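Hi everyone, thanks for making time for this. I'd like to walk you through one model this morning, starting with its aromatic rings and then moving on to a helix and a strand.

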Amino acid sequence: MTSDESLTPKLVLLPGLDGTGKLFAEFLKALDLGVSAHVVPYSPDIPLGYDELEPLVRAALPARGRFVLLGESFSGPLAIRIAANPPPGLVGLILCVTFASNPYPRLGWARGLAAFLPLKSLPRWVRAPLMWGSASPSKAPRQSERAMAGVAASVIRRRIAALLAVDETAALGKVWVPTLVLRATRDRVVSAAATMKIMRGIGHARRVDVDGPHLLLMTRPEECADAVHKFMHSVCEPFA
C-alpha cells in the first residue's frame, strides 16, 4: 500500500428512498479506482424509520480507518444525525440532494396517512415527481423503476412517513467535520430552501451545484464523482 492509498478515506454511501443502493451503480463506476466505496443497503422487506435505521447503519460503518459518509436524499437526515454524534474515523460528510427536515412542510399533516398510500398502484404521473423527481412519467429512469420494484410497498410508505416527520435542524449545528453539499439545479423533489437550511446550519459547508434532476448521482455521475474526488482530496490534506 502506498502512502497516498493509506491517506485516502473510504466512501460510505447511504441510499435514497429505494434503500437498495442500486442507483449508485453509474456513480460508483465514475469514481477513481483509488477510492474504496461501500454501500449500506436497507431492508427491502422490513419497514423502518430513521430511529430504527440509525443503529443498523452505525453498526455497518468501518470499524477501522477513516471514512467519508455520503447521505443521498432520504438518507440525508440520517447522515446528519450520525455526523452530529460522530463515530471514530468519520472525517467528512457529503449531503446529496437532501434535506435536514421535512422537505414538504405543507404536507406535514399527511404523515399519518402515509401508511395508507397505495404507492405502487398509483398512476406513473402521480409517482413521477415523488419517486424519481421527473415531472414526466415517460422520463422515469428504468433503473429507478427496477430498484423500487424490489422493495415492499409498506417499506416505502414507512420511509415517506419518516421523512414527513423528520427534523434534524438542531443537529446541523453539531456537525464539525468538513461537509460538501451537492445540489441539483433542476431538482423537483428537494427545494432550494431545504438546501439553504442545511447551508445555514452547517456554516463551514461548501456547496456544489450540478445541472441535473433529483437523481443526480445516477444522471450526472461524472460531474458528481469529480466534486466528490476534490472534496475527499481536501479532506486528506490535513493528514498528508
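Let me begin with a rule: rings of Phe, Tyr and Trp (its six-membered ring) pair if their centres lie within 6.5 Å, and planes under 30 degrees apart count as stacked, over 60 as edge-to-face and the rest as tilted. By that rule there are two aromatic pairs here.

Before I show them, a word on where this comes from. What you see is a predicted model, where local features need pLDDT of at least 70 and side-chain atom pairs count only at pLDDT 80 or more, while totals for chains, interfaces and linings use all residues. Residues are numbered from 1 along each chain as its sequence is written, and side-chain values use heavy atoms, with hydrogens and water left out.

Now, how is a ring pair described? By the distance of the centres and the angle of the planes. When I say helix or strand, I mean DSSP runs numbered from the N terminus, with helices (H or I) of at least four residues and strands (E) of at least two.

Are these residues buried or exposed? Buried means under 20% relative accessible area, exposed over 50%, and partly exposed in between, with a 1.4 Å probe and protein chains only. Tyr42 is buried at a relative accessible area of 7%, and Phe74 is buried too, at 1%.

The other pair is Tyr50 with Phe74: the centres are 4.7 Å apart and the planes at 15 degrees, so these rings are stacked. Here, too, distant parts of the chain are linked, since Tyr50 is in helix H3 and Phe74 in the loop between E3 and H4, 24 residues apart. Together, the ring pairs join Tyr42, Tyr50 and Phe74 into a cluster.

Tyr50 takes us to helix H3 (residues 50-60), whose buried residues are Tyr50, Leu53, Glu54 and Val57.

Last stop, strand E5 (residues 179-184). Six of its six residues are buried, so E5 is largely enclosed by the rest of the structure. Thr179, Val181 and Arg183 point one way, and Leu180, Leu182 and Ala184 the other.

Which strands does E5 pair with? Strands pair if DSSP finds at least two bridges between them. Strand E4 (residues 90-96) pairs with E5 in the parallel sense over four bridges, and Ile94 has Leu180 as its bridge partner. E5 also runs parallel to strand E6 (residues 206-210), joined by five bridges.

To zoom out, the protein has 11 helices and six strands, and 52% of its 240 residues count as buried. Thanks, and I'm happy to take questions!
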